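Hi,

Here is the structure I promised to pass on.

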Amino acid sequence: MRDAVIVLSGGVDSTTMLYEYRERIAVAVTYDYGSKHNAKEIPFAQLHCQRLGIEHVVIPLDFMQQYFQSSLLQGGEEIPEGHYAAENMKSTVVPFRNAIMLSVAVGLAESRGLQSVFIANHAGDHAIYPD
C-alpha cells in the first residue's frame, strides 16, 4: 500500500531509503533551496523515481538561499574541507533546514491523505546539525 511521502535529496541516504521502502512510497519530494549540491542531486532523485515508477515533486524553497547564511548555499563561502567534528564545518549548517523540509512534507502527506513521512536522518549525522 502506497501511504507515504519521502524527503528525497538524491544523495546516498535518502536514495537508499527510497529503494528500501519503494512499496510504501506514493510520492517523493525534493527541495530546490539553493544548495551547491542541488544541480547534481535533483537529477539523481528524478532518475531513481522514474526507475521505480514513483511520483517525484520538486518544491522550490529559494527563500532559504536568499535569507539564510551557509557555505552550503549558492553565493556562500566555499564549503570547507575536513571532518564533521571540525569547528570550520559549522559553516555548512543551513538554519532549520530539515525542520522546514519535514514541515512541508507533512503538509503534502496530509493534503494527499497519506499516513507516513520518511526522512533519512540517522545517528551518524553529526551534532553540528542541530535539527
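Below is what I found, from the whole chain down to a few residues.

A word on ground rules: this is a predicted model, in which local features need pLDDT of at least 70 and side-chain atom pairs count only at pLDDT 80 or more, while totals for chains, interfaces and linings use all residues. Residues are numbered from 1 along each chain as its sequence is written, and side-chain values use heavy atoms, with hydrogens and water left out.

**The chain**

You'll find four helices and four strands, in the order β-α-β-α-β-α-α-β from the N terminus. Those are DSSP runs numbered from the N terminus: helices are H or I with at least four residues, strands are E with at least two. Of the 131 residues, 40% are buried, meaning under 20% relative accessible area with a 1.4 Å probe and protein chains only as cover. The chain exposes about 7,600 Å², and 53% of that comes from carbon and sulfur atoms; the areas are Shrake-Rupley values with a 1.4 Å probe. Take the contacts (heavy atoms within 4.5 Å) between residues at least 6 apart in sequence: 64% of them join residues at least 24 apart.

**Helix α4**

Helix α4 covers residues 97-112, so count 16 residues there. Its first and last C-alpha are 23 Å apart, close to the 22 Å expected at 1.5 Å a residue, where the expected span is 1.5 Å times one less than the number of residues. Its buried residues are R97, N98, A99, I100, M101, A105, L108 and A109. In general, an α-helix has 3.6 residues a turn, so residues three or four places apart point the same way. The cover over the buried residues of α4 includes β1 (4-7), β2 (25-32), α3 (62-67) and β4 (116-118). Just after α4 comes G113, with a positive phi of about 70 degrees.

S71 lies in the loop between α3 and α4. Is S71 buried or exposed? It counts as buried because its relative accessible area is 1%. Beyond its neighbours within four places in sequence, S71 touches K36, E77, E78, I79, P80, S91 and T92. T92 is 21 residues from S71 in sequence, yet their C-alphas are 5.0 Å apart.

H48 belongs to helix α2 (residues 38-52). At 15% relative accessibility, H48 is buried too. With neighbours within four places in sequence set aside, its contacts are T15, L18 and Y19.

Cheers

Key: Buried < 20%, exposed > 50% of the residue type's maximum accessible area, 1.4 Å probe, protein only.
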